[in-house]
Amino acid sequence: MHDPYASLRVRDFRLYLAGNLLATIGTQMQTVAVGWELYERTHKPLALGLVGLVQVLPVILLTLPVGHVVDRVERRIVLMASLALLALSSLGLAAASATHAHVGWYYAALLVAGIARAFQGPAKEALAPQLVPRALYANSSTWRSSSWQLASVVGPAIGGAVIGTFRSATPAYVIDAGFALCFLAMVAAMARPAFVPSRGSATLETLMAGIHFVRRTKVLLAAITLDLFAVLLGGATTLLPVFAKDILRVGPTGLGWLLAAPSVGALVMAMLLAHRAPMQRAGRALTWAVIGFGVATIVFGLSRSFWLSLGMLFLVGAFDNVSVVIRSTLMQLLTPEDMRGRVGAVNSLFIGGSNELGGFESGAAAALIGPVAAVVLGGIGTIVVVLTVARVWPEMARLGPLEDEPAVAAA
């Protein structure tokens, strides 16, 4: 019988999940605070795009060495160090906000956060499979996504409420630092999992091993490509401060709900995925989900109704979560244990990095052609990418149940 709560019965996975929940709440609060504060001070969409660019540069530049470090050093240690650095960057943002420092100091603190996240992403991806048996990879991926989405619902709403209540973004940054330290404490409380470090010196060949593995594994490459371009082209969340202030005119509280809506949709979808029988045609589900993501993005860009915009963002999150669960499960099933750090670093580059690059692309496009045209064209581009991927990698369409590990490996 299908047990939707199987991975939650593992103590260390529960600690991981709870800590990640708190840390993500803090990150989402910080996202609201930075977006609102910078747009209030500059009134320039490009300033919002630069937030993404500053944070993605360390991910791009550090991808190869980070993957090597995560495969050579115990993953818990790497994760705890990155969380401590994240807390430090949040306190830097709090100081800049409290003193009304030049906006350059915000970008300096965000650069530090980008360095921390360059290590955090691969460390989390490599640590998670060590916490549950292989049979629970799909189930744990669904609950990890649920946790992240729940935090993304609560975080923006709390962030908007904090800014509205205190008329300042400073408390949001302080709370984010505290939640990062809570996650650090929970990781420290886990039992030390078995870890066999990757052997050999850091040559160009070993550093590039993660990239070569993803390139050879066609079904994984197709899933990553779909997720990459969906976020890169179809991501409207960076421009939500513009929509909230200038188009929908709903203020900081409305901005919080707009930012929360995709996560509400993703959380509902995650609950459905956890409690329903396993997908029998995962490849087709992924393809149609990304098409739905693009269509919902287009409608959101054209909407002038707050409630219709909320509904479309709900669908954006729901469709995106299907992609997240399938890609995450494929990574855990197909990646060898001694390469999880390097493959996780590649994933962070293409997926985590696409969030920030997508933010820069949206901000730059909005500055050139306006926010509405930028969002609509991004949604159209997402649909074009889906059709292209289906043609280049037909293996994806043949992907069946994720629980059938031999069939997944064959695909």
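Modeller: Let's start with arginine 167, which is exposed, with a relative accessible area of 78%. Keep in mind that this is a predicted model.

Biologist: Where is arginine 167 found?

Modeller: Arginine 167 lies in the loop between α5 (137-166) and α6 (170-188). Its backbone is worth a look too: phi is positive, about 55°, although arginine 167 is not a glycine.

Biologist: What about histidine 100, buried or exposed?

Modeller: The general idea is that exposed means over 50% relative accessible area. Histidine 100 has 63% relative accessibility, so it counts as exposed. You'll find histidine 100 in the loop between α3 (75-98) and α4 (103-127). Histidine 100 is not a glycine, yet has a positive phi of about 55°.

Biologist: Now the inside. How should I read a nonpolar core, and which residues touch the most other members of the largest one?

Modeller: Think of a set of buried nonpolar residues joined through side-chain atoms within 4.5 Å. Here the largest nonpolar core has 84 residues, and Tyr173, Leu220, Leu258, Phe300 and Leu330 touch the most other members.

Biologist: Which helix gives the largest share of this core?

Modeller: That's helix α13 (residues 306-334), with twelve residues.

Biologist: And what is leucine 220 in contact with, leaving aside neighbours within four places in sequence?

Modeller: With those set aside, leucine 220 is in contact with Phe213, Val214, Arg327, Leu330, Met331 and Leu334.

Biologist: How many residues are in the second core?

Modeller: The second core is separate and has 31 residues, including Leu15, Leu131, Leu136 and Trp143.

Conventions
Residues numbered from 1 in each chain as written. Predicted model: local features only at pLDDT ≥ 70, side-chain atom pairs only at ≥ 80, totals over all residues. Heavy atoms only, no water. Helix = DSSP H or I, 4+ residues; strand = E, 2+ residues; numbered from the N terminus. Buried < 20%, exposed > 50% of the residue type's maximum accessible area, 1.4 Å probe, protein only. Contact = heavy atoms within 4.5 Å.
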